[in-house]
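Thanks for coming, everyone. Let me put the structure up and walk you through it.

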Amino acid sequence: MRDVNQALAAEFGLSADEYQRVLDIMGRTPSFTELGVFSVMWSEHCSYKSSRVWLKTLPTKALWVIHGPGENAGVVDIGDGLAAIFKMESHNHPSFIEPYQGAATGVGGILRDVFTMGARPIANLNALRFGDPKLPRTKRIVDGVVRGIGGYGNCVGVPTVGGEINFHPSYNGNPLVNAMTVGVADKDKIFLSAAAGIGNPVVYVGSKTGRDGIHGATMASTEFDADSESKRPTVQVGDPFTEKLLIEACLELMATDAIVAIQDMGAAGLTSSSVEMAGKGGVGIELNLDHVPQREPGMTAYEMMLSESQERMLMVLRPDREDVARAIFDKWDLDFAVIGHITDTGRIVVKHNGVIEADIALDPLAEQAPLYHRPTTETPKQPELGPVADPIGILPALHKLIGCPDLCSRAWVYDQYDSTVGGQTVKRPGGADAAVVRIDGLKRAIALTTDVTPRYVFADPEMGGKQAVAEAWRNLTAVGALPLAITDNMNFGNPTKPEIMGQFAASIRGMAEACVALDFPVVSGNVSLYNETEGRGILPTPAIGGLGVLEDAAQAVGLAVHAGQSLVLIGGISGHLGQSLWLREIAGREEGPPPPVDLAAERRTGDFVRAQILAGNIRACHDVSDGGLLVAIAEMIMPDRTGVALVDPPAGIAPHAWWFGEDQGCYVLAVHHPEALQAAATQAGIPSRLLGATGGVDLTLADGATISVEALCQEHARFFPEWMD
Amino acid sequence: MRAAIVVFPGINRERDMAIALERATGRPPRMVWHKETSLDGIDLVVIPGGFSFGDYLRCGAMAARSPIMPAIHAHAARGGHVLGVCNGFQILTEAGLLPGALLRNAGLRFLSMDCHLRVERADTDYTAQYQPREIFRAPLAHGDGNYFAESETLDRLEGEGLVAFRYATPKGEINAHANRNGSARNIAGIYSPNLRVLGLMPHPEDLVDPLMGGIDGKPLFDGITAAFAA
């Protein structure tokens with residue numbers, strides 16, 4: 001074992017100031033294990049030391065919020081005595097180093113955050129960003145990540161029902177893998193992590209502890225360099241079978257009254273779970289590592305405390321229920337070991353082979369954790385775009401856009417994810433703007449989506465943050481759901497750079513404004529910083545996971561139109577081409593400000609659309625987003641291969657700006673009675689416009705230009721299979 | 001009909017199956033843990049889908065050696081009905097209750113999508129509520145659904161009318177395009193010689209409610225229920 005000094009502390013990721021603070025708290029030189037505990041608890045990943053000052057400004061409350069940020073996941077009341085428990089979390093760094101296991105264990109980790117609170121997981125989603133598709137490495141990462149998400153989610157039997165994928169060269173060395181899980185529990189049976197009861201047993205269940213993932217949390221808190229491949233041993237290996245058993249065993253135990261507190265062992269493993277449980281409960285904890293189930297002999301206290309072996313949980317039990325609990329874990333053939341007890345000392349004491357390896361006061365470990373108000377600089381505003389000529393015409397542009405990597409069909413991806421297990425998936429991937437999953441045995445359903453448009457955030461972080469929240473709200477609205485709350489996954493570059501911290505702060509500002517205006521609070525989240533490789537940062541990516549509720553699943557609408565319907569635009573289009581995919585893919589420019597979000601109009605329009613859906617007037621609905629209006633229409637006609645005849649754009653607006661501008665707050669609705677819908681819109685003070693009528697097998701513009709829907713479908717489906725297989 | 005669902009560790013479609021059976025029979029099936037040893041009083045034994053024992057060994061190989069298996073063998077030997085879906089089908093082949101094996105999908109990727117099946121015969125207890133050669137839809141969700149058997153076995157299955165379902169196009173053509181996992185002769189499901197043991201890869205239990213996209217799978221469960229009511 002090496003000497004503990006400032007050099008070792010630096011290797012563990014602690015700055016000189018932070019190490020001095022450790023010395024002050026301990027009043028002596030810490031042991032090797034103690035230094036390990038400090039370094040992971042004070043890592044960016046566990047302490048949120050750079051982001052906390054900003055996160056605190058997000059709105060987190062509403063009448064329906066049961067638990068906001070601070071627990072393992074957010075909890076909202078969804079009616080019928082039930083709560084939805086959900087969170088999104090990143091596994092970016094491991095997924096770059098080892099894509100399959102990195103993504104798989106990302107899914108496993110977020111599942112545990114949710115079922116540890118007493119919920120049966122009923123849906124998974126994922127928000128993925130990859131580098132330039134032309135790079136061979138991107139292909140390898142996409143393949144591994146998709147296999148990893150499927151390999152884990154399919155095996156545990158939780159349907160993967162939605163998500164998103166973008167490509168951009170800024171993610172070449174830092175792909176983003178953000179996984180979201182949603183579970184449902186009785187709202188009066190939520191399990192929390194605050195330990196209580198002096199003398200109560202501390203119980204370890206699940207997989208054995210190995211040497212995998214040691215210092216994973218620290219790795220996730222630094223930039224990558226050319227040597228990052230050598231960090232592969234810090235990536236954990238997932239075992240979805242054990243996770244499945246753990247879900248069933250924990251839920252079975254949760255039906256009894258045995259559990260006082262429970263927490264999964266995620267980042268920083270046994271260290272963070274024991275420290276957080278005891279800290280939240282205001283008690284102490286004593287662990288005897290001799291009793292920890294171990295995968296291999298000879299592990300040190302340091303290794304056991306920092307291991308990030310997967311599929312493990314820590315519980316505090318009522319002492320008189322230990323036998324009940326043990327019997328349940330025996331049934332499921334899972335390890336069950338009493339490894340310590342709760343004390344009144346306010347300290348964590350770790351013993352191993354009769355030696356005290358760590359003895360740290362919990363309060364200063366938490367309260368004196370570093371907190372940085374890092375310098376920020378504002379992102380300069382993008383100059384207005386000005387007029388842009390149309391170089392190729394409307395339908396050739398549509399054909400090209402519908403096949404580009406950011407807009408092509410994702411079927412190749414979601415066809416590898418089991419989306420139907422559970423038998424409750426009302427809207428599957430590709431079928432609607434949000435996934436819809438019914439609650440077993442009830443009419444009630446939840447709607448789920450993940451959203452962010454990183455190029456907007458890069459161009460204007462505040463507007464981009466606002467847009468991400470608004471789009472999540474819009475996608476939930478577009479299926480008829482009432483949006484309730486969000487989880488956020490803040491993926492950014494190096495926070496010690498003022499321009500990066502400026503992106504972060506401005507994004508939070510925009511998000512907060514949208515959350516307030518839309519009654520859509522943040523209830524959980526995760527921050528991933530240092531997404532930089534050799535000094536190059538990613539596009540700022542505050543991924544939003546949104547959750548809404550439908551009282552009757554049968555009221556949900558999808559996006560597929562059928563023959564004999566009219567398409568009506570709800571909302572106003574000005575033809576905003578700045579930062580649009582048309583501008584990037586057709587004109588070859590990534591310029592201009594992103595489309596502005598008018599939150600008052602957003603709310604008015606969305607509330608109108610939802611009311612129309614719930615009144616049963618709407619046959620299909622799709623919001624206008626990436627690619628603009630014509631891409632939205634194409635996405636509605638392709639599923640059923642139905643043609644559409646479109647009317648002319650309004651005078652005074654260039655046709656390509658009308659069809660491909662990415663104006664916000666707009667929906668395309670399919671109806672049988674367009675006059676009634678438009679009259680209602682007018683009465684509500686909302687702009688509307690008849691777009692055309694469905695039927696036939698071609699998409700036809702008013703000037704007679706035509707493309708067959710079959711040709712669009714073929715181009716839409718082409719990219720992924722050609723690229724990957 | 002008294003139905004039981006056998007639950008091996010790692011099975012994950014037992015609730016889907018229970019919903020489908022309860023819709024058909026009006027009462028919840030009995031859930032039987034794999035460490036139990038009796039199936040007394042049960043008419044239909046169902047082995048649902050999932051990843052028994054993680055499928056870390058050959059799919060179904062561990063489950064086929066579980067404590068409940070002698071009771072399933074005895075039930076089948078008595079002429080009892082056994083339905084195995086997906087991992088359940090794999091377990092039945094590993095247990096020797098049905099011939100052949102399920103290999104990795106031809107494309108070496110997990111497949112999750114709707115497929116179409118052709119009903120090869122509509123005169124069994126399972127298919128009496130379908131029409132002969134009817135095409136119906138069912139979700140696929142598997143990594144190892146590529147049915148394989150020696151050509152003599154395939155000839156025998158076909159000769160004795162023991163092929164239950166074949167992968168088809170929506171229009172009913174039996175071709176390579178419809179056969180996503182690469183199964184021999186597009187075989188999606190097979191019977192035992194007495195037509196009482198049925199194994200199939202797709203999931204009719206996930207299509208018994210119009211809200212989930214259709215009720216194409218419902219006739220299978222109504223059919224087997226009616227067979228016991230008769």
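**Cysteines, cores and the A–B contact**

Start with one cysteine. Cys46(A) has a relative accessibility of 18%, so it counts as buried, the cut-off being under 20%. Keep in mind that this is a predicted model. Cys515(A) comes in at 3%, so Cys515(A) is buried as well. How many disulfides are there over all chains? The count is zero.

Now the cores. Here is the general background. In soluble globular proteins, nonpolar side chains tend to be buried together. In this model, the largest nonpolar core has 99 residues. The residues with the most contacts inside that core are Met315(A), Phe329(A), Phe8(B), Ile72(B), Leu83(B) and Phe165(B). Which helix gives the most to this core? That is α10 of chain A, residues 240–254, with nine residues.

Let's pick out Leu83(B). Set aside its neighbours within four places in sequence. Leu83(B) is then in contact with a run of residues from Leu44(B) and Val45(B) to Val46(B) and Ile47(B). The list for Leu83(B) also includes Leu92(B), Tyr126(B), Leu198(B), Leu200(B), Leu220(B) and Phe221(B).

Next, where the chains meet. Chain A brings 37 residues to the contact, and chain B brings 29 residues. About 2,700 Å² is buried between chain A and chain B. Carbon and sulfur atoms give 49% of that area. Three residues stand out on the chain A side: Phe241(A), Asp415(A) and Arg428(A). They supply 20% of the area that chain A buries against chain B, more than any other three residues.

What about charges? Between chain A and chain B there are six salt bridges. One partner pair is Lys35(B) and Asp333(A), with the closest N and O atoms 3.4 Å apart. Polar contacts between chain A and chain B come to 18 residue pairs, counting those with both residues at pLDDT 80 or more. Several elements of chain A each supply at least two residues of the side that touches chain B: α8 (136–156), α10, α13 (322–331), α16 (411–414) and β14 (425–427). Which of them gives the largest share? It is α8(A), with five residues.

First up, Leu630(A), in helix α22, residues 628–637. Buried or exposed? Leu630(A) has 0% relative accessibility, so it counts as buried. Beyond four places in sequence, Leu630(A) touches Ile394(A), Leu395(A), Leu398(A), Leu646(A), Trp659(A), Phe660(A) and Leu699(A). Compare its position with Ala411(A): 219 residues apart in sequence, and 21 Å apart in space, C-alpha to C-alpha.

Then Met501(A), in helix α19, residues 498–517. Its relative accessible area is 1%, so Met501(A) is buried. What does Met501(A) touch, not counting residues up to four places away in sequence? Ser50(A), Trp54(A), Arg374(A), Pro375(A), Thr376(A) and Pro495(A). Arg410(A) is 91 residues from Met501(A) along the chain, and their C-alpha atoms are separated by 33 Å.

Last, Glu303(A), in helix α12, residues 301–306. Glu303(A) is at 16% relative accessibility, so it too counts as buried, with the limit at under 20%.

Technical notes: Residues numbered from 1 in each chain as written. Chains lettered and ligands numbered in written order. Predicted model: local features only at pLDDT ≥ 70, side-chain atom pairs only at ≥ 80, totals over all residues. Heavy atoms only, no water. Core = buried A, V, L, I, M, F, W, Y, C linked by side-chain atoms within 4.5 Å. Buried < 20%, exposed > 50% of the residue type's maximum accessible area, 1.4 Å probe, protein only. Helix = DSSP H or I, 4+ residues; strand = E, 2+ residues; numbered from the N terminus. Contact = heavy atoms within 4.5 Å. Disulfide = S-S within 2.5 Å. Buried area = accessible area lost by both parts, 1.4 Å probe. Salt bridge = Lys/Arg side-chain N within 4 Å of Asp/Glu carboxyl O. Polar contact = N/O pair within 3.5 Å; in protein donor to acceptor, adjacent residues only side chain to side chain.
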